[in-house]
Amino acid sequence: MSAKAMAAPLEIRNSLSGKILPAIGPFLLGGIFGFGALQGVASGANSGHVLWIALLGAACLGLGVFIARGAFDTSVKVVLNSQGFRDARAGDVLVPWSKVRSVRLAAGGKGAAMLNFELTEEPPDAIRYSSANAFGLMPFGRNIVHMEISSLDVRGEEMVDAVKRFAPHVVVRR
């Protein structure tokens with residue numbers, strides 16, 4: 001067997017900090033609006049205004065819960081293996097390495113947020129029309145797919161290294 005076929009797949013999950021830290025802002029805003037609503041009730045303010053402030057607070061808290069819930073999802077989100085890559089957040093369809101021309105780490109270094117794949121053809125429909133592609137793979141142009149990686153538990157350089165290992169023909173752009 002070749003080394004390429006024997007390489008263990010890279011299974012990537014959500015990062016706890018990549019999901020909890022972005023939720024702090026909405027939680028803080030929700031708390032501020034909630035405190036403002038309580039102050040309005042205590043001071044006898046117009047009930048319509050207090051209701052709007054309370055609704056804004058509830059909406060912010062809901063957004064914070066929505067963002068933070070991903071931190072407790074331990075399922076595999078992205079897989080890179082000898083056949084290709086698959087992102088369960090958007091379409092969960094295998095993109096074979098034979099259809100990948102190049103890969104680029106968008107911001108570089110530890111804080112990189114995007115991995116860009118240039119494909120030899122348009123992305124599969126499951127990726128292009130996925131309702132979840134705001135959280136995973138995003139088609140851009142005719143044959144570019146952006147993979148959001150800042151919320152995952154692996155560094156961008158590790159993913160690029162895995163692409164090099166599984167698909168040496170793929171050009172790595174800097």
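Of the 174 residues in the protein chain of this predicted model, 37% are buried. The chain exposes about 9600 Å², and carbon and sulfur atoms supply 63% of that area. Among contacts with a separation of 6 or more, 64% involve residues 24 or more positions apart.

The protein chain contains five helices and nine strands. Read from the N terminus, the order of elements is α-β-α-α-β-β-β-β-β-α-β-β-α-β.

Helix 3 spans residues 47-68, which is 22 residues. From its first C-alpha to its last it reaches 31 Å, close to the 32 Å expected at 1.5 Å a residue. At its start, a side-chain oxygen of N46 comes to within 2.9 Å of the backbone nitrogen of G48.

| Residues of helix 3 | State |
|---|---|
| V50, G57, C60, G64, A68 | buried |
| S47, W52 | exposed, on the other side |

The buried residues V50, G57, C60, G64 and A68 cover an arc of only 90° around the axis, so they lie on the same side of helix 3. Their cover includes helix 2.

Helix 2 comprises residues 16-43, and F35 is one of them. F35 is exposed because its relative accessible area is 52%, where the cut-off for exposed is over 50%. F35 and A54 are 19 residues apart in sequence, and their C-alpha atoms are 8.8 Å apart in space.

Conventions: Residues numbered from 1 in each chain as written. Predicted model: local features only at pLDDT ≥ 70, side-chain atom pairs only at ≥ 80, totals over all residues. Heavy atoms only, no water. Helix = DSSP H or I, 4+ residues; strand = E, 2+ residues; numbered from the N terminus. Buried < 20%, exposed > 50% of the residue type's maximum accessible area, 1.4 Å probe, protein only. Expected span 1.5 Å × (residues − 1). Arc of directions from axis to C-beta. Contact = heavy atoms within 4.5 Å. Polar contact = N/O pair within 3.5 Å; in protein donor to acceptor, adjacent residues only side chain to side chain. Areas by Shrake-Rupley, 256 points an atom, 1.4 Å probe, with all protein chains shown as cover.
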